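Student: I have just opened this entry. Can you take me through a few of its residues?

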Amino acid sequence: MKTDDIREKYLTFFESKGCTRRPSDVLVPKWDPTVYFTPAGMNQFKDQFLGVGPLDFTKATTCQKCLRTGDISNVGVTSYHHTFFEMLGNFSFGDYFKKEAIHWAWEFLTGKQWMAINPEQLTVTVYRDENDDANSDHEAYAIWKDEVGLPEDRISWLGEHDNFWPAGAPSDGPDGVCGPCSEIFFHPADGSGEVEIWNLVFTQYNRSGNPPNNLEPLPSKNID
């Protein structure tokens, strides 16, 4: 399957779920003084995530052209760090949340008319708050285990530097929109190592200041 096919399948799938297909934003967003280049698909939706201004749609899907330099020292060292790349994304602004996001990701990856990946080759991770387990993402864990049907040994708990967006945000910042993640990994049949293929970001907080009690719930829960 070619990259063009994967891109179109993804966008078509989320359109079938009621998401508005939006074009890629410009690579140099002059309207946003916080970044030099567009680093992620969610960048063009900052106001929607924060509940600022009019909301013409409550869910969207894009293929965003991105440019990142923060981890440029890893480019060429690993097989998965890049500077310029396209990022597929599906978003919710107070519309669907964890249940739908998880089920739709699984449907797209394993559905015969979509990617048709063998479910046995997929594992997932969920967020664990290493300081207070009550703040761990038990909701996402329950959806994966009890609704999707993944066995416990294929669901891993990881801390804020692995399963929070931005990585380490509760402790290290930056301030702003953030939330726990659930990542999906593909395991090739030849046993050559796992590959992260999806990062579900549950943006439900606005970080302000240092811990503790520095994560304020957003006006609405969102998906990035």
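Tutor: Gladly. Keep in mind that this is a predicted model. We start with asparagine 90, in strand 3 (residues 84-93).

Student: Is asparagine 90 buried or exposed?

Tutor: Buried means under 20% relative accessible area. Asparagine 90 has 4% relative accessibility, so asparagine 90 counts as buried.

Student: What about tyrosine 36: buried or exposed?

Tutor: Tyrosine 36 sits in the loop between strand 1 (20-21) and helix 2 (46-50). With Val28 and Phe37, Tyr36 forms a nonpolar patch on the surface. Its relative accessibility is 74%, so tyrosine 36 counts as exposed.

Student: How many aromatic pairs are there?

Tutor: Rings pair if their centres lie within 6.5 Å. By this rule, the count is 21.

Student: Take phenylalanine 14 and tryptophan 104. What kind of pair do their rings form?

Tutor: Their centres are 6.4 Å apart. Planes over 60 degrees apart count as edge-to-face. Here the planes are at 65°, so the pair is edge-to-face.

Student: How many residues apart in sequence are the parts this pair ties together?

Tutor: Phenylalanine 14 belongs to helix 1 (residues 3-16). Tryptophan 104 belongs to helix 3 (residues 98-110). So the pair ties together parts that are apart in sequence by 90 residues.

Definitions and conventions
Residues numbered from 1 in each chain as written. Predicted model: local features only at pLDDT ≥ 70, side-chain atom pairs only at ≥ 80, totals over all residues. Heavy atoms only, no water. Helix = DSSP H or I, 4+ residues; strand = E, 2+ residues; numbered from the N terminus. Buried < 20%, exposed > 50% of the residue type's maximum accessible area, 1.4 Å probe, protein only. Patch = residues over 30% accessible without salt bridge, like charges linked within 9 Å, V, L, I, M, F, W, Y side chains within 5 Å. Areas by Shrake-Rupley, 256 points an atom, 1.4 Å probe, with all protein chains shown as cover. Salt bridge = Lys/Arg side-chain N within 4 Å of Asp/Glu carboxyl O. Phe/Tyr/Trp six-rings, centres within 6.5 Å; stacked < 30°, edge-to-face > 60°.
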